[in-house]
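Good morning, and thank you for coming.

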Amino acid sequence: MTDQLRLMAVHAHPDDESSKGAATMAKYVSEGVDVLVVTCTGGERGSILNPKLQGDAYIEEHIHEVRKKEMDEAREILGVKQEWLGFVDSGLPEGDPLPPLPEGCFALEDVDKAAGELVRKIRSFRPQVITTYDENGGYPHPDHIMTHKITMVAFEGAADTEKYPEAEYGAAYRPLKVYYNQGFNRPRTEALHNALLERGLESPYGDWLKRWSEFERKERTLTTHVPCADFFEIRDKALIAHATQIDPDGGWFRVPMELQKEVWPTEEYELAKSLVDTSLPEDDLFAGIRDNA
């Protein structure tokens with residue numbers, strides 16, 4: 001009964017959907033699950049990270065339009081639906097002390113009001129499962145943290161007709177599960193790093209693991225491992241579609257595909273809230289839901 005299953009992935013910027021949970025989404029699409037990506041901002045303040053495109057005057061002047069086109073291409077590759085929430089990218093502040101966030105940006109929006117816009121999407125699409133970032137944003141970008149905040153408020157608020165009246169926000173609906181993306185986890189990173197070294201290959205993860213120790217990053221609880229190795233190529237193709245944000249010759253793609261599939265053939269999630277009974281660990285975001293769809 002997969003035609004009744006719906007998954008919503010809430011992300012901060014165009015490209016986040018392709019670097020976090022993309023293979024999972026492609027897998028579910030192949031099974032007939034309805035998948036919607038909600039992108040909170042247009043990525044207007046994102047840097048051009050691909051060295052081959054840096055200094056391109058057209059891209060710099062039209063970054064919003066360029067990133068929208070990249071998102072369109074990635075959406076087609078993954079086979080998902082995608083909608084914009086319409087907020088303005090906050091940028092990643094740098095310096096010591098950090099500069100103030102720009103006026104009118106996503107991270108400075110009222111949380112309840114911004115969550116109301118996501119409530120509209122939830123009530124319209126009616127997903128049983130929602131994925132987003134943990135309270136640290138996965139990494140401390142202000143838009144990722146804000147995405148976490150509004151998703152958690154909207155998860156509860158979609159069923160709250162007093163806070164979000166039906167006349168304005170649509171008919172009430174209660175999603176059943178919300179997960180945090182945890183694809184960048186230490187066990188996976190160490191497993192790939194060690195496998196590369198054992199085969200005499202160079203690992204791009206050495207510095208990552210050093211920084212992990214330096215930052216004393218909290219270890220997360222990985223509750224759910226979704227097998228999706230057959231869709232790793234689609235994941236990479238979607239990520240490369242975000243040409244301004246990714247160097248196809250960079251560290252993202254230095255681990256041989258067959259090694260990835262052999263050593264770590266899953267994507268990981270942390271179950272944050274569930275209104276259905278489920279047994280941990282899981283291998284399906286719809287565990288506890290699928291049989292009753």
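Helices (H or I, at least four residues) and strands (E, at least two) are DSSP runs, numbered from the N terminus. Please keep in mind that this is a predicted model, in which local features need pLDDT of at least 70 and side-chain atom pairs count only at pLDDT 80 or more, while totals for chains, interfaces and linings use all residues. Residues are numbered from 1 along each chain as its sequence is written, and side-chain values use heavy atoms, with hydrogens and water left out.

Let me begin with helix α4. The expected span of a helix is 1.5 Å times one less than its number of residues. For the 16 residues of α4, residues 63-78, that gives 22 Å, and the end C-alpha atoms are 22 Å apart, in agreement. Just after α4, Gly79 takes a positive phi of about 80°.

Which residues of α4 are buried? Buried means under 20% relative accessible area, exposed means over 50%, and partly exposed lies in between (1.4 Å probe, protein chains only). In α4, the buried residues are Ile63, Val66, Arg67, Glu70, Met71, Ala74, Arg75 and Leu78. Their packing partners are α1 (16-19), α2 (22-30), β2 (34-41), α3 (57-61), β3 (81-87) and α10 (232-241).

I turn now to the interior. A nonpolar core is a set of buried Ala, Val, Leu, Ile, Met, Phe, Trp, Tyr and Cys residues joined through side-chain atoms within 4.5 Å. The largest such core has 31 residues, of which Leu7, Met25, Tyr28, Leu285 and Phe286 touch the most other members. Two or more residues come from each of β1 (6-11), α2, β2, α4, α10 and β7 (266-274). The largest share is that of α2, with five residues. There is also a second, separate core of 26 residues, with Val10, Leu36, Leu118 and Met152 among them.

Tyr28 deserves a word of its own. Contact means heavy atoms within 4.5 Å. Leaving aside its neighbours within four places in sequence, Tyr28 is in contact with Leu7, Val33, Val35, Val226, Asp284, Leu285, Phe286 and Arg290.

For a contrast in residue type, consider Asn181, in strand β5 (residues 177-181). Asn181 is buried, at 10% relative accessible area. Beyond its neighbours within four places in sequence, the contacts of Asn181 are His11, Lys20, Gly21, Thr131, Thr132, Tyr133, Glu268 and Tyr269.

Next come the charged pairs. A salt bridge is a side-chain nitrogen of Lys or Arg within 4 Å of a carboxyl oxygen of Asp or Glu. The structure holds 24 of these salt bridges. One of them joins Arg290 and Glu31, with the closest N and O atoms 3.8 Å apart. Arg290 lies in the segment after β7 and Glu31 in the loop between α2 and β2, so this pair ties together parts that are 259 residues apart in sequence. Arg290 is partly exposed at 27% relative accessibility, and Glu31 is partly exposed at 31%.

Glu262 forms a salt bridge with Arg199, at 3.1 Å between the closest N and O atoms. This pair links distant parts of the chain, with Glu262 in helix α11 (residues 257-263) and Arg199 in the loop between α8 (186-198) and α9 (206-215), 63 residues apart. Glu233 and Lys261 also meet in a salt bridge, 2.8 Å from N to O. Here Glu233 belongs to helix α10 and Lys261 to helix α11, 28 residues apart. Through shared partners, salt bridges join Lys27, Glu31, Asp284 and Arg290 into one network.

Finally, the rings. Rings of Phe, Tyr and Trp (its six-membered ring) pair if their centres lie within 6.5 Å; planes under 30 degrees apart count as stacked, over 60 as edge-to-face and the rest as tilted. How many aromatic pairs does the structure hold? There are seven aromatic pairs. The rings of Tyr28 and Phe286 have centres 5.3 Å apart and planes at 90°, so this pair is edge-to-face. Tyr28 is in helix α2 and Phe286 in the segment after β7, so the pair ties together parts 258 residues apart in sequence. Tyr28 is buried at 1% relative accessibility, as is Phe286 at 0%.
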